[in-house]
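Reader: I would like to learn how to read a model residue by residue. Where do we start?

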Amino acid sequence: MSDVPDVNTSNPHTQGAASTQEEPMVVIEQLVKRFGMLEAVHSLTMTINVGETFGLIGPNGSGKTTLIRMLVGLTRPTSGTICILGERVPSAKIAALLGYMTQASALYLDLTAYENMAFFCDIYGLRGRVQRQRIHEMLERVDLANRANDVVATFSGGMKQRLSLACALVHQPRLVLLDEPTVGVDPELRRSFWDYFAQLNREGVTIIVSTHHLDEATRCTRLGLLRFGNLLAQDTPQALLRQAGKSDMEEAFLYFAHQEVQA
Ligand SMILES: Nc1ncnc2c1ncn2[C@@H]1O[C@H](COP(=O)(O)OP(=O)(O)O)[C@@H](O)[C@H]1O
Ligand SMILES: [Mg+2]
């Protein structure tokens with residue numbers, strides 16, 4: 001993916017360099033999700049600004065997927081609110097502005113890469129020439145143009161991840177939610193994914209990305225550290241390291257987890 005053109009000039013949402021602006025993209029207030037007796041997300045309050053690459057960092061079971069599914073509007077909160085660009089979720093108005101890459105692949109294995117993308121385009125109302133153009137553009141960007149007409153069942157794990165990403169981005173969303181996009185991805189492709197996220201971010205796309213790879217955290221503008229549904233801390237990676245007095249994020253995470261246990 002690194003050899004693709006640097007700037008997608010056709011993106012209507014391009015806002016130039018997307019450094020952290022103080023305009024809220026997502027405002028979450030006292031958000032709770034319970035599954036029976038289990039509280040998967042505990043009274044979470046946070047704001048994610050336009051232009052951020054916000055990392056949701058936490059081990060398995062910390063509530064990352066549950067939170068992302070509530071943000072996308074697929075899971076209803078038990079209580080609390082989410083607003084995206086001022087609209088209360090779920091809202092048909094903002095659904096088209098969101099791109100979502102699920103943790104489990106949402107691809108149809110018996111369809112070709114092109115057909116999978118066409119399916120997503122249909123959902124988002126992209127048709128005819130615009131649809132064909134967007135599919136070709138995105139397949140180029142994720143280096144799958146030469147496999148457009150192959151069925152996905154023949155793809156490697158990394159190729160499926162790349163195609164899932166292309167599907168999530170085909171309608172040029174302003175906010176992209178990526179749920180562990182690099183899980184099971186080799187180190188080279190992981191780096192290329194993060195380079196691509198940085199490029200999207202420069203083009204004005206706000207990104208919320210979950211990961212349990214703590215080494216990826218430093219590529220985010222800010223992080224929310226989650227454990228058992230609790231927000232342990234949120235800040236820039238540098239500020240979190242400083243606050244914990246540690247030099248790597250894994251140590252810092254353990255520091256905040258320990259602080260919470262003691263509280
Ligand atoms: N549909 C569900 N029904 C019951 N429990 C669930 C459901 N979805 C998630 N959970 C539980 O909620 C907690 C958080 O899960 P999840 O959001 O998937 O965490 P993560 O994505 O960080 O691994 C886990 O304990 C998980 O077992
Ligand atoms: Mg998950």
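Reader: Is Gln30 buried or exposed?

Author: This is a predicted model. Gln30 has 12 others within 10 Å, so Gln30 is exposed. Gln30 sits in strand S1, residues 24-35.

Reader: Which residues does Gln30 touch, not counting residues up to four places away in sequence?

Author: Ser43, Thr45, Ser79 and Gly80. Met101 is 71 residues from Gln30 along the chain, and their C-alpha atoms are separated by 25 Å.

Reader: Which residues of H8 are buried?

Author: Met249, Ala252 and Phe253. They cover an arc of only 105° around the axis, so they lie on the same side of H8. These buried residues pack against strand S3 (53-57), strand S9 (222-227) and helix H7 (237-244).

Reader: What does the face of H8 turned away from the buried side carry?

Author: Exposed residues: Glu250, Leu254, His258, Val261 and Gln262.

Reader: Last, the ligand. What surrounds ligand 1?

Author: List the shell, then sort it. Among the surrounding residues are Phe35, Leu38, Asn60, Lys64 and Thr65. By class, the shell has three nonpolar, seven polar and one charged residues. Strand S2 (38-49) and helix H1 (64-72) each supply at least two residues. H1 gives the most, with three.

Conventions. Residues numbered from 1 in each chain as written. Chains lettered and ligands numbered in written order. Predicted model: local features only at pLDDT ≥ 70, side-chain atom pairs only at ≥ 80, totals over all residues. Near = placed C-beta within 6 Å. Helix = DSSP H or I, 4+ residues; strand = E, 2+ residues; numbered from the N terminus. Nonpolar A, V, L, I, M, F, W, Y, C, P; charged D, E, K, R; others polar. Buried ≥ 20, exposed ≤ 12 C-beta atoms within 10 Å, placed from the backbone. Arc of directions from axis to C-beta. Contact = placed C-beta atoms within 7 Å.
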